[in-house]
Amino acid sequence: MQGRLGGMTTDQIILFSLFGGVFVFLLWGRWRYDLVAFAALMLGVVLGVVETKNAFAGFGHSATLVVALVLVVSAGLVRSGAVFLITRTLVDSSRRLGAHIALMGAVGGILSAFMNNVAALALLMPVDIQTARKAGRAPGLSLMPLSFATILGGMVTLIGTPPNIIIASIRQDNLGEPFKMFDFAPVGAVTALVGLAFVALIGWRFIPQKTGEHQSGDPMDDYAEYIAELVVPDGSKLIGKRLRELNEDAEKADVAILGLIQDNKRRYGSGQNRVLAAGNTLVLEASPDSLDEFRAALSLQFADDKREKIVRAESDGLTVIEVVVTDQSRISGKTAQAIGLTWRQQAVLMGISRQGKPIKDHMRKTVVQTGDILLLLVAPDNANDVTEWLGCLPLADRGLVVTDDKKVWLAIGLFGAAVAAASVGLIYLPVALGIVVVAFALTKIIPIAELYDHISWPVVVLLGSMIPLGQALEASGGTELIAGSLVSLTQGMPAWAILIILMVVTMSLSDVLNNTATAIVAAPIGIQMAQSLGVNPDPFLMAVAVAASCAFLTPIGHKNNTLILGPGGYSFGDYWRMGLPLEIIVVAVSIPAILFFWPL
């Protein structure tokens, strides 16, 4: 369609209408965002504004692939224990939410200045989720501030965010010399610091709290505590320490140390002063996640370590299941040892939840009662068989995993090497992340069977649907139309007013288009506006660099905002509540900074 109406082509009218309709329906929230976006894409194809051959190109776009790959990499960092390592050294779940956001935001901002801001969020997002779970609050209260902080931090250096690299390249093509590594720092650092202060002190309060979000939302919370046993292995760093010296680590992991088994005797009160030796068994009360964190932190073994090693060797990783014992269960009234749970089913009894009742025997010698909840370590493909053989009722899958702490430095090394290579331009970021995913699978940091479970498919559909629409808008001349209107609108205005309008329009485009595409479109417009005024184009390029990165109103403008959409439990309309005042602050702070550091 190439007809014209009021200066716009028919294609442009249709595309602007489609984008308007998408935003109306997404803000309405009646239908899920992926369905709305995919329906708009299909309508665009039917109406002829999106070519059939390009209809599904968004699903192979680098932005979509990065989001999917980052979610898998983040899961691998959790499974390897890298996240626990960071959480133990950096985060305190008892810290007030504002202080936690300030700390995580500062770390995220600094990291994203020297590595790709998507990679920085990939590293910190699972840390933030784990901290929220331990603190008993919804991850959505802190994930959006973390995402915004990593976006802000990325503005400080050339390599922090793709728009900066693109604008440096455009400057070289048009002016003969690119921006250097830290040319963005004066304006970017001032803007980032003020933005981070707003996010940490005020902004997070604008995030809507849905009903029940003050807690983790896990219906099993009331039944989450298990009595469990972990063993001090040979060569452990704990040998020779007193039991009470473990209390600090236990508190960090939300684990209660009930006592110690030495020489086949359970020792409670007096056990706190006992010196630990190889083979000693710690008696603990903890949730499955806390138990796994404590075990990984101190390199403890499962109580049935030999069987655990056999299960691990004969399967692709380990998983944890929870089952309820009924009066018809094979194990009811018997012990795990008596029914041969380990040698018959290659399953390890990790813990027993028995509300309000003490457990006095070794775990494997404890008589299981009707109503007990058992925590079992099994091979991933054997979970259903074990549950059926026991005759127990399976509880809803809570995504419990077993951390393989022996691979923590391997996982960190693979991730760090990939990010470093991508940051210095040796390899394309999506390819680097893809290599990490392959390596994680081959080294069994993530079981192959679980690879696709960690991808948020509605988010992939959202991005895959919106990218072709954005490309169609650009191909139809829609963005050029906006640029021409902008130049006409600003004729005769002072330079500072033109900079403000340029930033506002660029931000608006970035909230709809990919921020990389926005930088490509807006940077030449900025140079053209500067030349028409007869002034230095650098302030205009800096304005575009800041504005193209600062897409805070929607989850589709920046990959980081898309990454947190699923894990944070956000709706499309949640972003603008904190994002709009933040964008206003960014404009108000960066314009004076640009005029000061980059005079006209």
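Trainee: What should I know before we start?

Mentor: This is a predicted model, where local features need pLDDT of at least 70, side-chain atom pairs count only at pLDDT 80 or more, and totals for chains, interfaces and linings use all residues. Residues are numbered from 1 along each chain as its sequence is written, and side-chain values use heavy atoms, with hydrogens and water left out.

Trainee: Let's take Val 66. Why is Val 66 called buried?

Mentor: Buried means under 20% relative accessible area, exposed means over 50%, and partly exposed is in between (1.4 Å probe, protein chains only). Val 66 has 2% relative accessibility, so it counts as buried.

Trainee: Where is Val 66 found, and what does it touch?

Mentor: It's found in helix α3, residues 62-80. Helices here are DSSP runs of H or I with at least four residues, strands are runs of E with at least two, and both are numbered from the N terminus. Not counting residues up to four places away in sequence, Val 66 touches Val 118, Pro 430, Leu 433 and Lys 559; contact means heavy atoms within 4.5 Å.

Trainee: How do you know that the buried residues of α14 line one face of the helix?

Mentor: Start with the list: in α14 (residues 383-390), Ala 383, Val 386, Thr 387, Trp 389 and Leu 390 are buried. Seen down the axis, these fall within an arc of 165 degrees, so they line one face. The arc is taken from the directions from the helix axis to the C-beta atoms. Over on the other side, Asn 384 and Glu 388 are exposed.

Trainee: What do the buried residues of α14 pack against?

Mentor: They pack against β8 (319-324), α13 (341-345), β10 (373-378) and β11 (393-394). After α14 comes Gly 391, with a positive phi near 75 degrees. Gly 391 is also one of the residues that Thr 326 touches, leaving out residues up to four places away in sequence.

Trainee: And Thr 326, why does that count as buried?

Mentor: Its relative accessibility is 18%, so Thr 326 counts as buried. You'll find Thr 326 in the loop between β8 and α13.

Trainee: What makes Phe 56 and Phe 59 a tilted pair?

Mentor: Rings of Phe, Tyr and Trp (its six-membered ring) pair if their centres lie within 6.5 Å; planes under 30 degrees apart count as stacked, over 60 as edge-to-face and the rest as tilted. Phe 56 and Phe 59 are 6.3 Å centre to centre with 45 degrees between the planes, which makes them a tilted pair.

Trainee: Why is the pair of Phe 179 and Trp 598 called edge-to-face?

Mentor: Their ring centres are 5.6 Å apart and their planes are at 80 degrees, so the pair is edge-to-face. Phe 179 is in the loop between α8 (162-175) and α9 (185-201), and Trp 598 is in the segment after α23 (575-597), so the pair ties together parts 419 residues apart in sequence. Both residues are buried, and together with Phe 184 they form one aromatic cluster.

Trainee: How do you know that the charged end of Arg 171 sits over the ring of Phe 179?

Mentor: The test asks for NZ of Lys or CZ of Arg within 6 Å of the ring centre and within 35 degrees of the ring normal. The charged end of Arg 171 is 4.8 Å from the centre of the Phe 179 ring and is listed as sitting over it.

Trainee: What makes Arg 171 and Asp 538 a salt bridge?

Mentor: A salt bridge needs a side-chain nitrogen of Lys or Arg within 4 Å of a carboxyl oxygen of Asp or Glu. For Arg 171 and Asp 538, the closest N and O atoms are 2.7 Å apart, and they form a salt bridge. Arg 171 is in helix α8 and Asp 538 in helix α21 (residues 538-549), so the link joins parts 367 residues apart. Arg 171 and Asp 538 are both buried.

Trainee: How many salt bridges are there in the whole structure?

Mentor: Four. One of them joins Glu 51 and Lys 53, with closest N and O atoms 3.8 Å apart. Lys 53 has 68% relative accessibility, so it counts as exposed, while Glu 51, at 47%, counts as partly exposed.
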